[in-house]
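Q: I am new to this structure. Can you show me how to read its features, one at a time?

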Amino acid sequence: EIEDFVSKPFYEVFIDLKTNTNQVYSAKWQPSAACEPYMDEDGRVVLKKLAQTVLSKVLQHTGQVIAVSESVKQQAPPLPYNLSSLQIDASKRYNFNAQKTLDICQQLYENHKLLTYPRSDCRYLPKGHYADKSSVTQAISTTCAALAPAVTQADLSLKSKAWNDAKVGAHHAIIPTQRKLAASRLTADELKIYELVARQYLMQFYPAFQYQEKQIDTEVGGGLFISKQKEVIAQGWKTLFPERKANHQDPEFSAVQLPHVMQGESVVCIDGRLDEKHTSPPKRFTDASLLSAMTGIARYVTDPEIKKILRDTDGLGTEATRAGIIELLFKREFLVKKGKDIYATEVGRRLILALPEAMVRPDMTAHWEAQLEAIADKQMSYQHFMTPMLDGLHLLVNQVSQIRFTGLQGYGKAPVMRRKRKTKSP
């Protein structure tokens, strides 16, 4: 898709509006349903002449404020980690691959006893663990000096939605234990992963992030122009990321203040511009985005019937196997990494092109995973799953047996055959 991608231009119109009190605010043109024939599938205007016509119709013309809305919104703290969400964050923040993060978690769990069981797919905690909050936060303060101020500022009377017995399965979310350990006994990478997990736990004792959203809808020359403003009211749990203030992270949080206007008020379009932009190709997968795709595979499934039954959280593999699946693809030289980006190799491509299409799309595997989950939840019988699966496998094996795979000869890495050691007879 990336290599075949052809960038195409699209057009946006922005105008400046002046109020009766000489305050100026900017607004973006919102194309109407009548413009759909001149828009792409993502709702972008692709006909330059249409955008030019809109701009010429509004410049120096009087308009009217048709709606003003203001609301205060809030974001609750993100839940504690399961393995996949931890691997995704460790990849984004430290460029750790999935296997490295899992290995470090195992060290922190088995050797140092600083983290709870890491191969968990759950992001909730048993209600009984809420009683351990003081000892866990004190352990964090001792083990990770960088988070000591955050522990001091935490409000242990708060209780996030993380504590929910109904949503805890065989294992609960990954959190720090009550054990205290000197940071000097940890490697730099171990401390990084511990700090990520500890910070995520501490967020449960911080208030929600609050912001105000304001929108002004203005009509000029028959066209609708929208102005939006987001303003931070309280950082809440985001104070735990001092280096990532919301204003810098999200361009929607602007320092520009919208004026106080009333519905029905007249305004004048004093200036405007036409922006020509170009569509971008899909981004290559990174460790983080590949893991994210595997844990929410529904958006990559093409069969609409299968897509319908999948949840947003249905994925390929399990928390315990995803890192190994990705590592194996690199080991067999089907994938290669350049910087953070992951590329398919020549042998990887040839293999995919040689196999039956049903085998290389995620549809079938995603469906199997969903059905296995249903069996575990006693919502589906074993036989109801096995019979059609075996029929499908026989069909695929027959298809594959007729492929010669001649295009793969001389490519890739031959597997290392290990000899079995002979045991002496007693």
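Q: Which helix holds S289?
A: S289 sits in helix α8. Keep in mind that this is a predicted model.

Q: Is S289 buried, partly exposed or exposed?
A: Look at the relative accessible area. Under 20% is buried, and over 50% is exposed. S289 has 27% relative accessibility, so it counts as partly exposed.

Q: Let us turn to strands. How do strands of a sheet pair?
A: They pair through backbone hydrogen bonds, either parallel or antiparallel. Here a closed barrel of 6 strands runs β1-β2-β5-β4-β3-β6, with antiparallel pairing. From one strand to the next, the twist averages 35°.

Q: Which helix packs on the sheet?
A: Helix α1, residues 48-58, packs there. α1 touches β1 (9-18), β2, β4 (209-220), β5 and β6 (266-278). The direction of α1 makes about 160° with that of β6.

Q: How many bridges join β1 to β6?
A: There are 10 bridges, and the two strands run antiparallel.

Q: Which residue is the bridge partner of T62 in β6?
A: The partner is V268. Strand β3 (residues 62-75) pairs with β6 in the antiparallel sense, over 3 bridges.

Q: What joins β2 to β5?
A: Strand β2 covers residues 24-30, and strand β5 covers 223-234. They run antiparallel and are joined by 3 bridges. Here W29 stands opposite F225 in β5.

Q: Where is there a hairpin?
A: β7 and β8 form one, with 2 residues between them. Strand β7 spans residues 335-338, and strand β8 spans 341-344. They pair in the antiparallel sense over 4 bridges. L335 stands opposite A344 in β8. In the turn, G339 has a positive phi of about 65°.

Q: Which residue other than glycine has a positive phi near 65°?
A: N22 is such a residue. N22 is found in the loop between β1 and β2. Its relative accessible area is 55%, so N22 is exposed.

Q: Where is F405 found, and what is its phi?
A: F405 is in the segment after α14. Its phi is positive, about 55°, although F405 is not a glycine. A relative accessible area of 24% makes F405 partly exposed.

Q: Now for empty space. How can it be found?
A: Rolling a probe the size of a water molecule over the atoms shows where empty space is left. In this model, the largest pocket has a volume of about 2200 Å³. Its lining has 45 residues. The closest to its centre are F285, L290, L335, I352 and V360.

Q: Which elements each supply at least two residues of that lining?
A: They are α8 (287-295), α10 (322-331), β8, α11 (346-354), α12 (357-360), α13 (363-376) and α14 (382-401).

Q: Which element gives the most to the lining of the largest pocket?
A: α11 gives the most, with 5 residues.

Q: Last topic: cysteines. How many disulfides does the structure hold?
A: It holds 0 disulfides.

Q: Are C35 and C269 buried or exposed?
A: C35 counts as buried, because its relative accessibility is 8%. C269 is buried too, with a relative accessible area of 0%.

Definitions and conventions:
Residues numbered from 1 in each chain as written. Predicted model: local features only at pLDDT ≥ 70, side-chain atom pairs only at ≥ 80, totals over all residues. Heavy atoms only, no water. Disulfide = S-S within 2.5 Å. Buried < 20%, exposed > 50% of the residue type's maximum accessible area, 1.4 Å probe, protein only. Pairing = 2+ DSSP bridges. Axes fitted to C-alpha atoms, helices over the stretch in contact; angles between N-to-C directions. Contact = heavy atoms within 4.5 Å. 1 Å grid on protein atoms, 1.4 Å probe; cavity = no way out; pocket = protein on both sides within 12 Å on 5 of 7 lines; lining within 4 Å. Points joined across faces, edges and corners; volume = space filled by probe spheres on them.
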